[in-house]
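This report describes the surroundings of a ligand, the domains of the protein chain, its nonpolar core and its strand pairing. The sequence and structure are shown first.

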Amino acid sequence: MSIASYLSEDIGTSVDFETFRDAFRDKMHKAFTMRGDFDKVSTQRGIPPFMMREIQSVTPLSVFIPEEYGGRGGHVHECQAILAAASYESLALSLTLGINGALFLQPLTKYGNEAIKGAIFERFVEEKNLGGLMITEPDYGTDALNMQTSYTQAEDGTYHLQGTKHWAGLTGWADFFLVAARRQGANGDLGRDIDFFVADMNRPDQMIEVEEFYENLGLYMIPYGRNHVDIKVPEAHRLQPESTGIKMMLDILHRSRIEFPGMGMGFLQRILDEALEHCRERFVGGKPLIKYDQVRRRLAHLQAAYTACSAMCLHTSEHASTDNNLAGEALSANAIKTVVTDLMQNAAQSLLQLTGGTGYRLDHVAGRSVVDSRPFQIFEGSNDVLYQQISESILKSMRSVKEKNLHTFLSDYEMTHRAADYFEDTLDFEVDLSLPQRKLVELGRILGRVVSMELTIELGDRGFRSDLISNCLQVFQKDVDSRVTAYRNHELTDVVEDYVEGSAWFDYVKV
Ligand SMILES: Cc1cc2nc3c(=O)[nH]c(=O)nc-3n(C[C@H](O)[C@H](O)[C@H](O)COP(=O)(O)OP(=O)(O)OC[C@H]3O[C@@H](n4cnc5c(N)ncnc54)[C@H](O)[C@@H]3O)c2cc1C
């Protein structure tokens, strides 16, 4: 079949959502399953332009754009559904849409100056432009608040930004970037607050120079690299925070984190479908893999991930509107981001185990999924750090109500009150309110999973299949139980930094 035979007319953004999603799904499926030049797309860097054109012909990003600017209105359930449809075919493509939506279009919708919004949204709808976000710097990733990119303002209002940014998704490819920077005072010192500026790569003054492209381990479709920022942008390009810039940044990042399940959803469903199909078809020792008990256990866990992620999509759809300020929603955003990204990575590893040697290829969905899903545990807040923050936020609430018993507290807490019923014994203990960091991280993992169970119970109440709900709750309950056992074990092994002397096994061999 030739490429031209499946190119079709653009569909408008005003059709009903199911028609829109089906058209997008269809384009995605054709683009990613056509034979010929396309089947190796996952092992090549970038994306063939005609493929991007084809996917963009449906204007999937219109779901993130307000109706008055020609979009579908920014309804979160539509955004989640489009991310999910994309990630069934390609996690990298879904992340590309997610970057555009959560890290550029939603911040612009909420905080952009009216004077610039119309023209930018028009370029996304009409010219299929792309946007990204630059926060991270080589010396400041997790420690983003200490970033060194600075800005000053000239008398005519123009802002001058200078610094180095790296790892921004769509480096060298996006037409727009939001760039984070700190104000430089007259004495050269940088202010504590963070501001964001829209830079238009089509304007020479605003063009950010790529110094180096990185050989990213996975997500080949998305270019990453190091950028030299020395740009001048008009006054109207600064985002307008409601209070401080840091609160605006938290609102943006929490909304982005809470929207991860959209990307997880299609990805996890694809892994589940691939695993079921493989295990039915692959015969080992005269019977299909699916007849083996350990295999069934793995499949049940993949299915639990599918169900939990569905529950998160439901929650996100009803809570992440740009009308809500999510700056104070650290707990739900961090719990959802950490747990769904762990589920994604674990599911990919499990599929690779089940597919054996066949799966250990970059152009096989199992191998590719392992490398593509791994950075989700790192970007937008490293999971280790977010798990710690989940615990700190719960411990702070416990202190404020003077409650030390974890189960008593969680039974009364909105995000956990029904899930707590599953842990009447397991979580019935007093928490030390000054825990070492590793224990905070372990406790955060437990709490994140209890929150996920709460969302799953809610999904069940809405009418989702009860067999999937009860399987999912069982899997999570067992997981939490074993994590609590580890958490309550007080051994704190420390690293021996100077370990080399006396530690060569060869010296102790008796021959
Ligand atoms: C594929 C990919 C896409 C990305 N996309 C973007 C993007 O679009 N825009 C953007 O601005 N940035 C992006 N990033 C950057 C990403 O947000 C940073 O890599 C991340 O914030 C971690 O920062 P770092 O790499 O400097 O690591 P570091 O800050 O050095 O942290 C490395 C590790 O150290 C440990 N650690 C750090 N701090 C603590 C602590 N307080 N306690 C205990 N352990 C700690 C954690 O294990 C952490 O994972 C992306 C990165 C990747 C890999």
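How do the residues of the shell around the ligand divide into nonpolar, polar and charged? In this predicted model, the shell holds 11 nonpolar, 7 polar and 3 charged residues.

## Ligand shell

The ligand is surrounded by 21 residues, of which the closest are Ile-135, Thr-136, Gly-141, Thr-142 and Ser-382. At least two residues of the shell come from strand 1 (131-134), and at least two from helix 11 (383-400). Strand 1 makes the largest contribution to the shell, with 3 residues.

Why does the ligand shell lie between domain 2 and domain 3? Residues of the shell are given both by domain 2 (132-246) and by domain 3 (250-488), so the position is between these two domains.

## Domain arrangement

The protein chain is divided into three parts: domain 1 (8-129), domain 2 (132-246) and domain 3 (250-488). Taken over C-alpha atoms, the centres of domain 2 and domain 3 are separated by 33 Å. The contact takes 5 residues from domain 2 and 7 residues from domain 3. On the side of domain 2 that touches domain 3, the residues divide into 3 nonpolar and 2 polar, with no charged residue.

## Nonpolar core

The largest nonpolar core has 144 residues. Within this core, the residues with the most contacts are Phe-177, Val-179, Leu-268 and Cys-309. Helix 9 (residues 330-359) provides the largest share of the core, with 13 residues.

For Phe-177, the contacts beyond its neighbours within four places in sequence are Gly-131, Gly-132, Leu-133, Met-134, Ala-168, Ala-199 and Ile-208. Strand 1 spans residues 131-134, and among the contacts of Phe-177 are Gly-131, Gly-132, Leu-133 and Met-134.

## Strand pairing

Two pairings involve strand 7 (residues 225-233). With strand 3 (residues 159-166), strand 7 (residues 225-233) pairs in the antiparallel sense over 8 bridges. Within this pairing, Gly-163 has Val-229 of strand 7 as its bridge partner.

Strand 6 (residues 209-213) and strand 7 also run antiparallel and are joined by 4 bridges. Here, Phe-213 stands opposite Gly-225 of strand 7.

How values were computed. Residues are numbered from 1 along each chain as its sequence is written. This is a predicted model: local features need pLDDT of at least 70, side-chain atom pairs count only at pLDDT 80 or more; totals for chains, interfaces and linings use all residues. A residue is near a molecule or strand if its C-beta atom, placed from the backbone, lies within 6 Å of it. Ala, Val, Leu, Ile, Met, Phe, Trp, Tyr, Cys and Pro count as nonpolar, Asp, Glu, Lys and Arg as charged, and the others, Gly among them, as polar. Domain bounds come from an automatic or database domain assignment. A nonpolar core is a set of buried Ala, Val, Leu, Ile, Met, Phe, Trp, Tyr and Cys residues joined through C-beta atoms within 7 Å. A residue is buried if 20 or more other C-beta atoms lie within 10 Å of its own, exposed if 12 or fewer, and partly exposed in between; C-beta atoms are placed from the backbone. Two residues are in contact if their C-beta atoms, placed from the backbone, lie within 7 Å. Two strands pair if DSSP finds at least two bridges between them.
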